[in-house]
Amino acid sequence: MRVLKPILYTAFAGLVFTGCKSISNLPVPQGSDVAIIAVAKKTPLTQEQKNTWGHLDLVKDSIPGMSVDKAYDFLQGKKSVTVVVGVVDSGTDLGHEDLKDVAWVNTKEVAGNGIDDDKNGYVDDIHGWNFLGDAYKENMEADRILQNPSLESPEIVAEIQAAHDIKVGNAEKTKTRFEQMLSGVKGADENLARHFGKDDYSAIEVAAITTEDPSLLQSIAIAKQMFGFGLPSLAQAQEEIKKELDKSIALLNNEYTNYRIGDNPEDINDSPGYGNGNSGVSIKSEAHGTHVSGIIGASRNNGKGVNGVADNVKIMAVRSVPDGDEYDKDVALGLRYAVDNGAKVINTSFGKGYSPHKEWVYEAIQYAAKHDVLIINAAGNDGKDIDVERTYPNDSKDLITEVSDNVLTIGAMSSSYNENLPANFSNYGKKNVDIFAPGVQIYSTTPENEYKHFSGTSMAAPSAVGVAALVRSYYPKLTASQVKHILMNSGVKIDLEVIKPGSQSRENPEGELVPFADLSVTGRVVNAYNALQMADRMVNGKK
């Protein structure tokens with residue numbers, strides 16, 4: 001999170017490094033503090049640009065991508081090593097046409113024989129491990145704490161109870177609001193489907209409609225609102241609204257279901273090897289891990305779907321994140337599993353507001369640091385300042401001091417090089433968000449050989465993971481800490497006044513303008529070309 005700022009970093013910036021020092025001990029140059037002067041794109045993005053904007057170049061394309069295509073021009077003729085990337089997430093469809101060739105395979109294990117051949121404590125873990133077993137849904141951590149108050153301090157329990165009481169008091173109104181919203185979105189979807197004569201219309205097609213029909217105009221307005229929330233379709237919008245409606249009904253009925261089976265989640269030593277070797281998706285809509293994986297490393301230039309950022313990776317699927325809040329036990333053991341089985345970069349695109357066993361996760365982060373593994377973490381999607389409001393996982397017990405120097409926290413940005421650059425949902429923090437990366441309407445893989453646009457810091461983190469994997473692949477002598485600071489220091493400096501995420505409201509629709517530099521440690525956005533150039537200078541001593 002925080003940039004380490006010893007005087008050495010500044011003193012050695014710009015020097016030509018020689019072989020007299022171990023590369024792993026070299027300080028990372030500070031990078032340029034000069035902001036790029038670029039002209040914002042005036043015309044709407046083409047469909048191709050919408051699908052690839054995160055790879056484009058700000059100067060060349062007027063789109064604030066990560067200069068991935070430019071990076072590959074720089075890499076021509078250079079050799080790489082394979083980097084294993086652990087995706088601690090929901091289930092991942094590694095049989096997808098664009099992922100099957102980059103799936104990590106545990107060659108020490110014999111598939112389907114029911115034996116722990118490699119003696120790592122996990123039976124038949126061919127492509128990773130599933131810590132959730134057959135479960136899909138889970139409760140929110142706050143609800144689990146209310147059911148078992150011994151998990152947290154009396155102060156935290158009281159805070160959760162007070163918030164719960166307010167939600168229960170508002171549940172009837174909330175239920176009615178979601179019912180009305182669901183009805184409106186369903187009607188708009190049906191109306192637009194009739195207009196187009198198909199169910200799979202796009203946001204671009206909706207925006208292009210010219211009509212004076214009041215009913216169709218209302219449907220267009222509803223669709224634009226849903227697309228503006230980052231939802232890829234009105235069908236997906238209905239699914240998300242239905243989830244919120246179900247939560248309101250459960251609140252009204254005082255319902256609580258204990259989904260956990262197979263182990264005690266409050267005991268990290270209970271039932272070692274719980275779960276199973278099926279790290280794939282349990283249902284088609286469990287798409288998050290698949291989407292994240294495609295952003296990182298979908299097979300490049302195979303004529304299918306999308307190009308991942310990194311070209312020589314193997315994706316290890318670690319299923320630890322359900323539909324609901326993850327357990328600290330699954331996160332901690334998932335991180336350790338990825339480390340123990342060779343991951344050099346780990347993606348953690350998930351988060352929650354309470355973490356009763358946060359120490360287990362901190363210890364796992366430190367374990368990863370000890371084994372030179374970089375963890376890249378999504379900042380969260382609440383539009384809040386996480387220097388003030390806690391979100392988990394994080395790498396600081398007091399929101400000031402890091403437990404280790406191997407975690408990079410990522411905010412989400414859009415393709416708009418203007419006041420709308422930061423995603424309106426992204427968390428931010430001058431101390432606790434390191435840098436921003438593309439995370440709005442990112443096109444990637446989804447289960448059963450499909451592709452969709454998703455938005456979230458969940459998409460920004462794997463964008464950065466892909467760059468980190470590229471650096472570790474082409475410059476394997478660099479440490480996890482060095483790669484972290486290379487991504488931070490080489491990012492493109494942004495000198496813009498932007499709308500602070502979460503500041504827009506009905507009362508203040510314009511939001512609050514702040515310098516982009518105030519939203520993160522670096523005031524930068526990740527750039528693959530710059531990162532590789534900086535790595536090359538460190539390793540090869542070239543200016």
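The model I am reading is a predicted one. I noted that the crossing of helix 13 with helix 14 is right-handed.

I then listed the residues that meet: Ala464, Val467, Ala468, Val471 and Arg472 come from helix 13, and Ala480, Val483 and Leu487 from helix 14. Sorted by class, I have 7 nonpolar, no polar and 1 charged residues in this contact.

Next I turned to helix 14 (residues 480-490) and helix 15 (residues 528-540), whose axes come within 8 Å and cross at roughly 125°. Helix 14 is therefore oblique to helix 15. I recorded this crossing, too, as right-handed. On the side of helix 14 I found Gln482, Ile486, Leu487, Asn489 and Ser490, and on the side of helix 15 Asn530, Ala531, Met534, Ala535 and Met538.

Which residues does Leu487 contact, leaving aside its neighbours within four places in sequence? I found Ile376, Leu408, Ile435, Ala464, Val467, Ala468, Val471 and Ala531.

Finally I examined the largest nonpolar core, which has 88 residues; Val85, Ile376, Leu478 and Leu487 touch the most other members. Helix 13 (residues 457-474) gives the most to this core, with 11 residues. I also noted a second, separate core of 31 residues, including Val88, Trp104, Ala332 and Ile365.

Terms used: Residues are numbered from 1 along each chain as its sequence is written. This is a predicted model: local features need pLDDT of at least 70, side-chain atom pairs count only at pLDDT 80 or more; totals for chains, interfaces and linings use all residues. Side-chain values use heavy atoms; hydrogens and water are left out. A nonpolar core is a set of buried Ala, Val, Leu, Ile, Met, Phe, Trp, Tyr and Cys residues joined through side-chain atoms within 4.5 Å. Buried means under 20% relative accessible area, exposed over 50%, partly exposed in between (1.4 Å probe, protein chains only). Helices (H or I, at least four residues) and strands (E, at least two) are DSSP runs, numbered from the N terminus. Contact means heavy atoms within 4.5 Å. Axes are lines fitted to C-alpha atoms, for helices over the stretch in contact, and angles run from 0 to 180 degrees between N-to-C directions. Angles under 35 degrees count as roughly parallel, over 145 as roughly antiparallel, 65 to 115 as roughly perpendicular and the rest as oblique. A crossing is left-handed if the near helix is turned anticlockwise from the far one by less than a right angle, and right-handed if clockwise. Ala, Val, Leu, Ile, Met, Phe, Trp, Tyr, Cys and Pro count as nonpolar, Asp, Glu, Lys and Arg as charged, and the others, Gly among them, as polar.
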